[in-house]
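Q: Could we go through this structure together, starting with the terms?

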Amino acid sequence: MSRHTVTSARPTAAARPEAADLRRHPGTLLLAALLLGLTAALALTVRTDVANPPFQGADDRWLRWMGGPHDGLPAAPAAVLNWFGGPLGVVVPLGMLVFLLVRRRWTSAGFLLGVYLVGSMLVVQALKHLVDRPRPAHPLVRVDHGSFPSGHAAGAALLVVLVGVLLVPAARRRAWWAGGVLFTLAMMWSRTWLHAHWLTDTVAGAAAGAGAALLAWWAFAPALAREQARGRDRLPSARRAAPSGRRCAPAPRAPRR
C-alpha cells in the first residue's frame, strides 16, 4: 500500500470532534438551572394566591403603561408576533425539521422534535393548568386557558436556543444570542401590549423556554458534536486529503524490465 493511500484513509483532524466539543459545559447547565429555578419560584409564588400574588401591583402598573391607544405603528408588530407565536408559527420548527432530515442529521432532528414538544407543549401546558392564573381583563386577541406562563414568550425563547444550537455556527452565536434576546423581549412586550398576559407571565415563559432548551443542549451536546463531525467526515476523500485544493501526485511506477 502506498504512502498516499495510507494518508488519505486516515481521518483528518478537522473531521474529528474536538475534545472541547464533547464536554458538557457547566456554564450552560448553571444558566439552565437559574432560569428553570426562576420559573419554579414564580409559579409557586403565584400559586399561593392567583388573584393577588405579591408582585400584582407591579403587573398592574405595567398593564396601565400598556393601556393604549392600541392602534397605529405598534399594532403591526404586535399582530405579527401574535401570529408567529400562535399555531401558524409552527411552520418555522417544521421547516427546520425538514431541513435537518434532508441533510440526514438524524440526531439534530430528534433533538429539535423532542425539545420543541417537551418545552413548548408539556412544560408550558403543565404550568398553565397547575398555576391557573386569571388573565388580564379584555385581551385584544384570542387566548386559551391560563395566563401563567406565556406560551408565546416560552416558544420564542425556546426557538432562539434551538436555532442557535442547530443552525448557527459557533463563531457567530454571540451575535445570534444578542438578537435572540431582543426578539424574545419584543414578544414579551407584544403579549402585555395586547393585554393577553401579565408581565410576570412573560418573564416566566421566556425563562421556562430558554431554560428547558439549554438543559437539553447541555445533556445532548456530545451527541450533537459527534453528528457534526460525521457530517464533515462525509466530504469527498480528495478534499480531505488535500484541503488546500492540490491533489497528491501518484507514486511513480517501477520501470519495466
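A: Buried means under 20% relative accessible area, exposed means over 50%, and partly exposed lies in between (1.4 Å probe, protein chains only). This is a predicted model, in which local features need pLDDT of at least 70 and side-chain atom pairs count only at pLDDT 80 or more, while totals for chains, interfaces and linings use all residues. Residues are numbered from 1 along each chain as its sequence is written, and side-chain values use heavy atoms, with hydrogens and water left out.

Q: Aspartate 59 and arginine 133: buried or exposed?

A: Both aspartate 59 and arginine 133 are buried. Their side chains meet in a salt bridge, at 2.8 Å from N to O; the term requires a side-chain nitrogen of Lys or Arg within 4 Å of a carboxyl oxygen of Asp or Glu.

Q: Where in the chain do aspartate 59 and arginine 133 lie?

A: The pair links distant parts of the chain, 74 residues apart: aspartate 59 is in helix α4 (residues 56-65), and arginine 133 is in the loop between α7 (106-131) and α8 (151-166). Helices here are DSSP runs of H or I with at least four residues, strands are runs of E with at least two, and both are numbered from the N terminus.

Q: Which residues are linked in a network with Asp59?

A: Asp59, Arg133 and Asp201 are linked in a network of salt bridges.

Q: How many salt bridges does a search of the whole structure find?

A: The search finds four. One of them joins aspartate 144 to lysine 128, with the closest N and O atoms 3.9 Å apart. Aspartate 144 lies in the loop between α7 and α8 and lysine 128 in helix α7, so this pair ties together parts 16 residues apart in sequence. Aspartate 144 also forms a salt bridge with arginine 135, where the closest N and O atoms are 2.7 Å apart.

Q: And what is the accessibility of aspartate 144?

A: Aspartate 144 counts as partly exposed because its relative accessibility is 43%. Lysine 128, by contrast, is buried at 2%, and arginine 135 counts as buried at 17%.

Q: Changing topic, what is the volume of the second largest pocket?

A: About 640 Å³ of space lies in the second largest pocket. On a 1 Å grid over the protein atoms alone, a pocket is an open set of points where a 1.4 Å probe fits, with protein on both sides within 12 Å along at least five of seven lines; lining residues have an atom within 4 Å of a point. Grid points are joined across faces, edges and corners, and the volume is the space filled by probe spheres set on them.

Q: Which residues lie nearest its centre?

A: Of the 29 lining residues, Gly85, Gly86, Pro87, Gly151 and His152 lie nearest the centre of the second largest pocket. The elements that give two or more residues to this lining are α5 (75-85), α7, α8 and α9 (173-193). Helix α7 gives the most, with six residues.
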